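Subject: Structure handover, aromatic rings

Hi,

Here is the structure I promised to pass on. Please open it next to this email; my notes on the aromatic rings follow below.

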Amino acid sequence: MTLLKNIFYKNHKKIIIAAAVIFSVISFINLHYIINVVPTSNDECIWTPKKIGQDSVALYFNFVKFEGVSWDAGIRDGDRLVSINNITATDQYVASLTLNAIEEGHYAKYVYERDGEIYKTKVYVKKLIDFNSLGFSLMSIIWLFVAFFVSMAKVDGYPQRLFFRVALFLTVFSFSGGFLAGTIGQNPIKSVLLLSNIIGTIWIIAVSYLPFLIVHFFLIFPDELKIIKYKWTKFGLYLFPIMLIVVSGIVGYSAEDQSSAVSKMIGSNFLIVLCSFIIGLISLFINYMKIKDKKQRVPIFIILNSLAFGILAVVYSLFFAERFAGDVVYNSPEYFMPIVLIIIIPLSFGYSIFRYSLLDVSDVIKKTIIYGFGTVVLGILYFLLVYVLGQSASSVFETDYQGFIAAVFFIIFALGFQSSKDKLQEILTRKFYPEQFAFQEILLKFSKDVSSFIGLDNILNFVYTTFVEELNLTKFGIITAQNVDNIFVLKKSIGIEDKNLSLIVDEEKVIEHINEKKKLGLSTAIEREDCKKLFGVQCNYFIDEDIYIIIPMVTKSKLLGLLVFGLKYSGTQFAGKDLELLIAASNQITVSIENARLYESETEQLKYRRDLENAKLIQESLLPREIPNLKGLDISGKMIPAMQVGGDYFDLIKVSESKIFVIIGDVSGKGLAASFYMTKLQTMMRLFCTADRSPKDVLIDINREIYGSIERNWFITISVGLFDLETNSLKFCRAGHTPLLISRNGSISSIQSKGLGVGLESGIIFDSTLEEITIPLTEGQKFVFFSDGINEQMDEGNQLFGMKRFEKVLSENSKMDAENTLKSVLSNLNDYRNKTIQNDDITLVLVKIKG
């Protein structure tokens, strides 16, 4: 299905032209059949069958027209028809078959009976055209002509495609009065059973779909009605025809009298088509009432009235003509002729489309004629010029060089013909399309100037000024991406009521749609038929705001925004050359916006990098520059940030010759903001860590100070240890941080005292839950303060380094000093993560008790 669709779109114009040519030829042949081949022979009376006995049927003359051809031949009401041209009139079919075989203007030999006497006479044969068939055939031809130009103007437009399909199916519908009409001796197609059956089958399919195509078209023209948006509506429009095809096939092929069955089928389908036009009339009236602009109402008003007039003509001919005539169609055919006025329907479409630029066809037609004529004239002038110069050269140069000189002149002028033709088209556009010429000039100038603007706001202001003030657009908007969850917001607009518009756009779906359109050589503009597919229920916003065209701004498979347009200043939609220019201008806008974004992004990056460098210098200045020297302690520590500035922190604060605070912390966050809290924490630690304070006292004071200033979604985990060599003990307190590990002689133990993170609670709960423990110091112990960046480091398979591996490394290095143990841990971490990026800050402080 997709392959067929792609083939169609790549060759759409060729297919439309081929279909239009083929169906035009067929429709004119069918018209010829209606007028010249299958008209019913008319003897200006009717034959009424009456039973004679049990099995016999006789035909009696009735409604013999006064001074008609039968009257002049002496026939009167009540006479019995015996034979025509020596063929016994056993029933109506035989009699009709015989009479229809006689050409118009010839005489038929009638034998009739009156009061038991047999009479012979000659009746002049007239031919009666079926005006119903003639009317629909003419309508289908005109509709096809209009639909061809409508489709060529916008080959990918959904209403245009439907309009063209209606034309094709109307053409087939008219076969009932042409190819499928008449009798075997009269219609040559009826003599070939296979051909007749094929055409009949095609006709059944066409007439089954036609009414629903007509309804579908009017439900979306000129705008979609709410009912067509329901799934069941479209489903029904294509399911019911299938049911009709099945029913028609069963009835047609199982009937004993197939001729009678076909006649009934034709009659019922006429009624169904009539009903479809009535539904179309109602739909069009609803759409007409919804249109607020008086200018836009005019063409719809013309079509609405013409459609009503055409429907009345059909209704009159089918139901009232015989009453008004007071006679049958054979005697007063002029009373049945008004149905031909049904042609006013496609004529009104053609007039409204070409006169008021409905579906933007008018410009296409005018340009085709004007540019075509101009190009032909220019070509003739070029030919004459080459001829004159060639003749002049003949009189100057020798005969041997005349052919060469003529060829040179021809090549020179051939090369200049295209540029001359383009210049001529520019002149014609300026003369006949001043609005479009001005539009082109403004957009061309805009495309050159927009690239010179720097800064997103300046670019958007320039775009807004150009489109609103210079192009006189009354409904226009610029919607830009916010780089957050596919959110797009309205930045600038005129004529749009909701100034705070925010959309959630499936960027991937829009990009895919655009790429598909490009692949098929179609316009990338998003029109109403694509809107619902791409924007879902949000499309109703564009419909309610009378937005007709949406042009996506795309660069490098990234959707930067949308330009939305209402109607042009003249009240018509953008299409053709105008739409191409809008897309070209939007491409230039996209490049400028992307450059502005890159420029701003680069500026921000430079500023950010500069800030980070400064913060890094500050952070490095806060960490211990050297390890304090205390007899009996071997200390080593290091912090490796995941980013340029991390959220981890450690400090070594010597408060006396026998006491030192070891602090390790982790701010819940990374980057610049985390470093600010770390700076604040370091300052407070330096202030509160004194010889007379315990780790618990310090943490209580820190929490009280931090809680009032830290953001509610931030907190800090801290472990504080106070090594006292006089008492030979360690006082340890933990505020939500990782446990303290103790390594000795290859065994590892874990100390995990109670405590909440700093900044989570004001102090009541924090103070009461904080637990301080005292650990005696013995030779060979190694105390390990660490952050979760160690045990949560991942490898290429997203597996954690984990506590077991960490403890194993510590156990293997229990005899080593603090510095070498630290190096071993970091080396194992690097080997484990291999090429995986470090995902968190790593901080490690080791304190070994010496003898």
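The structure holds 34 aromatic pairs. Keep in mind that this is a predicted model. Two of the pairs are picked out here.

Start with F217 and F221. Their rings are stacked, at 5.1 Å centre to centre, with 15 degrees between the planes. The pair counts as stacked because the planes are under 30 degrees apart. Are these two residues buried or exposed? F217 is buried, with a relative accessible area of 1%. F221 is buried too, at 3% relative accessibility.

Next, Y230 and W232. Y230 is partly exposed, at 38% relative accessible area. W232 is exposed, at 56%. The label for W232 follows from the cut-off, because exposed means over 50% relative accessible area.

Now the cluster. Which residues do ring pairs link together? They are W143, F163, F217, F218, F221, F277 and F349. So the stacked F217 and F221 both belong to this cluster.

R76 lies over the face of W71, at 3.6 Å from the ring centre. R114 lies over the face of Y119, and there the distance to the ring centre is 5.6 Å.

Best wishes

Definitions and conventions: Residues are numbered from 1 along each chain as its sequence is written. This is a predicted model: local features need pLDDT of at least 70, side-chain atom pairs count only at pLDDT 80 or more; totals for chains, interfaces and linings use all residues. Side-chain values use heavy atoms; hydrogens and water are left out. Rings of Phe, Tyr and Trp (its six-membered ring) pair if their centres lie within 6.5 Å; planes under 30 degrees apart count as stacked, over 60 as edge-to-face and the rest as tilted. Buried means under 20% relative accessible area, exposed over 50%, partly exposed in between (1.4 Å probe, protein chains only). A charge sits over a ring if NZ of Lys or CZ of Arg is within 6 Å of the ring centre and within 35 degrees of the ring normal.
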